[in-house]
Amino acid sequence: MDISEIKVKHPEHWKNAAAIRILSADAVHAARSGHQGMPIGMADVATVLFEKHLKFDAKAPDWPDRDRFILSAGHGSMLLYSLLHLTGYEDMTMDQIRNFRQWGAITAGHPEYGHAKGVETTTGPLGQGIANSVGFAMAEQSMAARFGKSVVDHHTYVIAGDGCLMEGVSHEAIGLAAKQKLGKLIVFWDDNNVSIDGTLDISDVSDQRARFEAAGWHVVSCNGHDPDEIDAAIIAAKKSPLPSMIACKTLIALGVDGVEATAGGHGYNIKDKQIAQMREFYDWPYAPYEIPADVKSAWQKIGSRGAAVRASWENALAGLSASRQAEFERVMSSAPAKRLNSVIRKLKKQISADTPKVATRSASQMALEVINPVMTETIGGSADLTGSNNTLTKGLGTFDADNRKGRHVYYGVREHGMAAAMNGMALHGGVRPYGGTFMCFTDYARPSMRLAALMEIPTVFVMTHDSIGLGEDGPTHQPVEHLAISRATPNTNVYRPADAVETAEAWELAMTSTKTPAVLSLTRQGLPTVRTKHTMKNLTAQGAYVLAESNGKRRAILLATGSEVEIALKAKEILEAEGIGTRVVSMPCWELFEQQSEAYRKRVLPAGPVRVGVEAACRTGWDKWLCGERGNWKKADFVGMESFGASAPAEVLYEKFGITAENVAEKVRTLL
């Protein structure tokens with residue numbers, strides 16, 4: 001590349017881009033950690049995008065119809081922070097840039113959603129950003145179909161590196177985006193031929209252009225340092241009805257002696273002499289963190305370019321009927337529909353009266369049948385298990401390129417891609433995503449489930465076939481450790497309902513959450529209704545409660561979740577017949593029980609009686625309730641799984657693994 005020619009031909013662009021490069025290098029140098037190579041290499045692409053194409057207003061960072069910019073290559077976070085500072089985002093002060101990667105700063109090592117305005121999603125785990133972007137683009141299309149293009153009409157732009165494209169989730173995301181024909185999704189590939197270990201050919205020989213084309217994307221290439229070529233590529237991409245990948249040929253750490261176009265340019269590897277040499281190369285005779293007036297003015301002009309467009313949009317929103325405006329504002333704020341509580345109460349009353357024996361996956365569908373008509377922002381789906389996960393309800397329709405008003409997505413066998421896309425939808429706003437697979441396959445969705453919790457977004461993960469109770473499919477499909485893994489994740493509510501009533505209550509809580517994702521652990525096998533007395537109150541909101549009280553002096557407390565509550569109730573009958581007063585506590589959500597007052601928890605789990613936990617899963621985590629909370633390890637035991645499962649009918653498996661009412665009763669006798 002003839003960089004000197006570009007430098008002479010585009011002096012203003014060169015200087016504006018240099019501001020990003022120098023700020024990034026200075027911040028990484030001061031922190032003595034970070035990644036300056038990508039921000040230096042992709043500064044030209046970012047400058048053209050922000051100056052000529054990105055629809056945004058730095059003074060209104062939450063404007064719903066802004067274009068979304070996602071830095072999938074999150075290690076290059078200083079690129080994003082520099083852009084936010086230069087364009088005038090009020091919270092991204094120069095002090096924040098100076099404190100890059102330091103305690104209390106919003107300039108974290110990798111961009112974190114909620115820390116700084118303009119950070120649309122948390123990236124850093126490679127591939128997550130590009131996978132999130134599919135959900136952003138799907139949400140935009142859904143919202144446009146519901147509210148009209150006069151108020152919803154924007155693009156999603158992504159910068160991704162080779163690492164993002166090597167991660168397996170990228171394959172799932174690329175395929176899903178192509179199937180959905182998301183023409184407003186544009187990905188810039190930072191084609192610099194470098195990874196941390198060395199040149200790319202030591203680990204990968206993929207032809208990324210051919211890969212995207214084969215998947216069904218529009219692909220265009222450009223010199224990633226030539227502003228004219230970059231601009232032309234973006235214009236071409238915006239015209240395509242297909243998602244676009246722009247291959248930007250760049251030099252990592254451009255202009256830095258000794259590390260340009262090498263693996264050494266990736267991380268913190270620019271020392272004092274090179275910082276001085278960089279300033280000379282970029283004609284930047286300014287002190288660290290100093291932005292000359294002309295460059296500052298140019299960038300602030302870019303940051304305010306969208307103000308007029310935003311004002312026009314506000315007029316368009318005001319042109320909607322009052323009810324449509326109110327609905328738009330409701331869904332964008334994640335507020336539940338006013339009728340949600342009443343339809344859930346009505347369903348609970350019906351279930352308590354009819355006492356059906358149904359699998360909680362079927363009970364989940366029953367709940368969704370009343371939720372989806374009133375929560376019109378829901379978009380459900382399944383990873384090729386729709387009939388098993390029971391995520392489809394009447395009248396939803398299929399979301400695809402031919403029907404953007406549809407509200408059910410056939411994700412295919414893409415658990416990770418589905419979870420990441422749902423996170424993108426939740427982050428975009430205006431959509432409440434839920435999606436299903438088998439509980440065992442949380443293994444495939446795990447990285448995105450963790451990020452949902454980290455970002456404090458209310459994605460709903462519908463995980464069915466939640467124990468050995470699924471039967472003949474065997475140990476490959478029978479979750480044993482997965483409840484413990486999900487419960488160990490901070491800011492995650494794991495619901496394991498015992499019947500259709502608790503399932504409806506769990507769904508109400510998931511649909512009203514604004515900052516906590518939900519994992520619904522649901523059975524394949526039918527369960528009896530254990531809540532036969534209707535209550536207006538949502539008892540699941542308490543996390544745990546007394547389901548059945550002892551008939552005499554209380555000597556034992558049985559704690560159970562999900563399908564094992566039925567077993568606990570049968571064990572109570574056996575023990576009560578022997579004169580052993582037994583309380584049964586249903587614990588549908590440990591996390592919510594933890595949040596209850598000490599007084600309430602003490603009422604549910606008083607000191608004194610022996611305690612036995614019952615769950616068709618591993619014991620991990622149970623000792624908090626059995627031995628803690630006024631318990632005693634000498635007076636506690638557990639009935640559950642100590643190994644992987646096996647292939648056999650469910651009832652045989654429960655008997656062989658000892659998860660039976662008689663075994664629970666025997667544990668109590670032994671403790672007493």
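Good morning. A residue is called buried when its relative accessible area is under 20%, exposed when that area is over 50%, and partly exposed in between, using a 1.4 Å probe and protein chains only. Helices (H or I, at least four residues) and strands (E, at least two) are DSSP runs, numbered from the N terminus.

The structure above is a predicted model, in which local features need pLDDT of at least 70 and side-chain atom pairs count only at pLDDT 80 or more, while totals for chains, interfaces and linings use all residues. Residues are numbered from 1 along each chain as its sequence is written, and side-chain values use heavy atoms, with hydrogens and water left out.

I begin with helix 4. This helix spans residues 43-53 and is mostly covered, with nine of its 11 residues buried. Those buried residues are Ala43, Asp44, Val45, Ala46, Thr47, Val48, Leu49, Phe50 and His53.

Phe50 leads us to the nonpolar cores. A nonpolar core is a set of buried Ala, Val, Leu, Ile, Met, Phe, Trp, Tyr and Cys residues joined through side-chain atoms within 4.5 Å. The largest one has 70 residues, and those that touch the most other members are Phe50, Phe69, Leu79, Ile97, Phe188, Ile246 and Trp299. Which helix gives the most to this core? Helix 2 (residues 11-31) does, with 11 residues. A second, separate core holds 54 residues, including Ala160, Cys164, Met418 and Ala445.

For contacts, the rule is heavy atoms within 4.5 Å. Leaving out residues up to four places away in sequence, Ile246 touches Ile186, Val187, Phe188, Trp189, Val220, Cys222, Ala233, Ile234 and Ala237.

Next, strand 9. In this strand, residues 378-382, five of five residues are buried. In a regular strand the side chains alternate between the two faces of the sheet. Here Thr378, Gly380 and Ser382 point one way, and Ile379 and Gly381 the other way.

Two strands pair if DSSP finds at least two bridges between them. Strand 9 pairs in the parallel sense with strand 11 (residues 432-438) over three bridges, and Ser382 stands opposite Gly436 there. Strand 9 also pairs in the parallel sense with strand 10 (residues 408-410), again over three bridges. Within strand 10, Val409 is the bridge partner of Gly381.

I turn now to two individual residues. His35 is found in the loop between helix 2 and helix 3 (37-41). Is His35 buried or exposed? With a relative accessibility of 16%, His35 counts as buried. Its side chain reaches the backbone oxygen of His75 at 3.3 Å. That is a polar contact, meaning a pair of N or O atoms within 3.5 Å; within protein, one must be able to donate a hydrogen and the other to accept it, and residues adjacent in sequence count only if both atoms are side-chain atoms. Not counting residues up to four places away in sequence, His35 touches Val28, His75, Gly76, Arg101, His266 and Gly267.

Glu172 belongs to helix 9 (residues 168-180). To discuss its charge, we count Lys and Arg as positive and Asp and Glu as negative, leaving out His and the chain ends. A salt bridge is a side-chain nitrogen of Lys or Arg within 4 Å of a carboxyl oxygen of Asp or Glu. Glu172 is buried yet has no salt bridge, and the nearest side chain of opposite charge, that of Arg414, is 6.0 Å away. The side chain of Glu172 does reach the backbone nitrogen of Gly417 at 2.6 Å. Leaving aside neighbours within four places in sequence, Glu172 is in contact with Arg414, Glu415, His416 and Gly417.

How many salt bridges does the model contain? The count comes to 38. One of them joins the side chains of Asp283 and Lys7, at 3.5 Å from N to O. Asp283 lies in the loop between helix 12 (272-281) and helix 13 (293-304) and Lys7 in helix 1 (residues 3-9), so this pair ties together parts that are 276 residues apart in sequence. Asp283 is partly exposed at 47% relative accessibility, and Lys7 is partly exposed at 23%.

Another salt bridge links Glu629 and Arg601, whose closest N and O atoms are 3.0 Å apart. Glu629 is buried, with a relative accessible area of 16%, and Arg601 is buried at 12%. Finally, salt bridges that share partners join Glu578, Glu662, Glu666 and Arg669 into one network. Thank you.
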